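Please look at the sequence and the structure before reading on.

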Amino acid sequence: MKTRSLAKSLSAFRCACWLVAMACLSPTGCSRNRYEIELKPDAETMERSLTCWREQGDSGLASFPEAELKQMAAAYGQFPPASEARQYTFHGKFVGEMPNDIGGSGRQTYWTTRMGTLSLYVERFRGDDDLMGSLQTRLDAADRFTSLLLGWFRSELKHDPAAAKLEEFVDGPFRRDIRNLVLYCWAGQIAAGPGPAQFGEKPPADDPEPFVRIAQYFMERGYFTPAKLCELIRTDANGDADRFLTFVRTFLGSKMGNRSAEQAAQRLAFLESPERAEQSLDAYLAGTDEGKAFVQREKQKHNEDPNAAPPKPHELLGKLAIEAMGMEFSVSDELQVKVACPVEPFSTNGRWEAEARQVVWSRRINAGGERAAPVLPAVFYVFWSVPDEGFQREHFGKVVLGDKSLAEYCVWWKGLTAAEAKEWDEFLASLTPGTLAQRLEAFRFSTDPPPAAGEEKAASLADKPRELIEAGLKDP
């Protein structure tokens, strides 16, 4: 296990070509949580039911994490159930803010006007939507990785006149290439997202494009050939740290002007074996502030977990590489959300089921209790409006506002002051079908400005609803 650990710590190159490919894989056969949320709106109140369970591959139900059960129970004001191998259901009614039951943030907005109502449901489930923060964290980890690697080489090659060439490469092209690797990984993971899925289905086949792009980038810059890439993949599969170090020595030696593997081996003797490289790297990192802080943090974890292996300084490089590449991922959970709608929504990113009169989403989301993988969070939304048909027919002779036009009207009305809303609603209540055109055209708010010099008519706050209503009157 020692050589395996060391290879991970040294392998900026392998991270560039192999660990990234592994990051694109979706593990199967592992434990994952499944959540079903059903939402039934009633005016401004949202009735919410959450059912959850944990599956262990194809072997059936597993014990559900107690910490999550406590979080969900607290969100619904219930006592947490015992974590046994079964399903759990939580139920509650909410106004406005949705409960933070499985992680995220959401809200139902309900606005009512004389012309009808508008309902807006939006909810984010887990994930990380601080894109700049997540990218900057990863770029910082990449720079720290490169700087520590550079410091290590300087400490070992301080008497070698050719070391300046290697330092120039590591601090220049290599640092740039590792940062570009981070950007490739970040962009690919953001674009892929957790992905839609039919609830309970197996993850889709992997898309090789991210790996191909990254491999091509590093091959263009001379890090390896296609044949050498196959060797690197083999060293990872077999845990062959000696063979991997031979590749590293040859590559670094070429940057110092060495023409053969033998010359590289002589100049880079501290990389002659996994054991010697580990001793050298541990000695260097133990003398750095970052290495000391890392060991101290890991010792505290060791004290909390007696079964944890004692920390070693060289593990710091491995952790930085994993953080930079966005490898802090876990098996994704699965979520299905259903929202009952009295009418077909005019806008949603879910699937409208007309017969059941509901909108449905099925997505994979980050596993609970884990650091969020670098993907956009799952965000569900559905917007619908319900016209007050009785009021509209009485005052306009027909339904003139519905769906998106009613939504636009409700948004406009919600922006009025209390006095403006009262003035407008009184005007609407006075309308009759026989006098619509003249009265709509003539109406102006008492607060509207007078026409400017040379203008026949000034703009009015009523222009927007007048436009919407007139368009509705013209529709057959």
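Strand β6 (residues 116-125) pairs with strand β11 (residues 378-387) in the antiparallel sense, over 10 bridges. Helices (H or I, at least four residues) and strands (E, at least two) are DSSP runs, numbered from the N terminus. Two strands pair if DSSP finds at least two bridges between them. Valine 122 stands opposite tyrosine 381 in β11.

The model is predicted: local features need pLDDT of at least 70, side-chain atom pairs count only at pLDDT 80 or more, and totals for chains, interfaces and linings use all residues. Residues are numbered from 1 along each chain as its sequence is written, and side-chain values use heavy atoms, with hydrogens and water left out.

**The sheet around β6 and β11**

An open sheet of 4 strands has the order β5-β6-β11-β8, with antiparallel pairing. Its edge strands are β5 (104-113) and β8 (347-348), each of which pairs on one side only.

Serine 105 belongs to strand β5. With a relative accessible area of 41%, serine 105 is partly exposed; buried means under 20% relative accessible area, exposed over 50%, and partly exposed in between (1.4 Å probe, protein chains only). Leaving aside residues up to four places away in sequence, serine 105 touches Val122, Glu123 and Arg124, where contact means heavy atoms within 4.5 Å. From C-alpha to C-alpha, serine 105 and valine 122 are 8.6 Å apart in space, and they are 17 residues apart in sequence.

**Strands β2 and β4**

Strand β2 (residues 45-56) and β4 run antiparallel and are joined by 8 bridges. Serine 49 stands opposite histidine 91 in β4. Strand β4 (residues 88-95) has a covered face made of Tyr88, Phe90, Gly92 and Phe94. The uncovered face of β4 holds Thr89, His91, Lys93 and Val95.

**Two buried arginines**

Arginine 34 is found in strand β1 (residues 31-42), while arginine 126 is in the loop between β6 and α4. Arginine 34 counts as buried because its relative accessibility is 8%. Arginine 126 also counts as buried, at 8% relative accessibility. The table gives their side-chain polar contacts. A polar contact is a pair of N or O atoms within 3.5 Å; within protein, one must be able to donate a hydrogen and the other to accept it, and residues adjacent in sequence count only if both atoms are side-chain atoms.

| Arginine | Partner side chain | Polar contact |
|---|---|---|
| Arginine 34 | Glutamate 334 | 2.3 Å |
| Arginine 126 | Glutamate 68 | 3.2 Å |
| Arginine 126 | Aspartate 333 | 2.8 Å |

**Helices α4 and α12**

How do these two helices meet? The axes of helix α4 (residues 131-156) and helix α12 (residues 315-325) come within 8 Å and cross at roughly 145°. Axes are lines fitted to C-alpha atoms, for helices over the stretch in contact, and angles run from 0 to 180 degrees between N-to-C directions. The crossing of α4 past α12 is left-handed, the term for a near helix turned anticlockwise from the far one by less than a right angle.

On the α4 side, the contact includes Thr137, Arg138, Ala141, Ala142, Arg144, Phe145, Leu148 and Leu149. They meet Leu316, Leu317, Leu320, Ala321, Glu323, Ala324 and Met325 in α12. The residues of this contact divide into 11 nonpolar, 1 polar and 3 charged. Here Ala, Val, Leu, Ile, Met, Phe, Trp, Tyr, Cys and Pro count as nonpolar, Asp, Glu, Lys and Arg as charged, and the others, Gly among them, as polar.

Helix α12 is largely enclosed by the rest of the structure, because 8 of its 11 residues are buried. The buried residues of α12 are Leu316, Leu317, Gly318, Leu320, Ala321, Glu323, Ala324 and Met325. Just after α12, glycine 326 takes a positive phi of about 75°.

**A buried loop residue**

Leucine 268 lies in the loop between α9 (261-267) and α10 (274-286). Its relative accessible area is 0%, so leucine 268 is buried. Leucine 268 touches Leu157, Arg249, Leu252, Gly253 and Met256, not counting residues up to four places away in sequence. The C-alpha atoms of leucine 268 and threonine 250 are separated by 9.1 Å, and the two residues are 18 residues apart along the chain.

**The chain as a whole**

The secondary structure of the chain comes to 17 helices and 11 strands. Of its 476 residues, 44% count as buried. Among contacts in the chain with a separation of 6 or more, 67% are between residues 24 or more positions apart.
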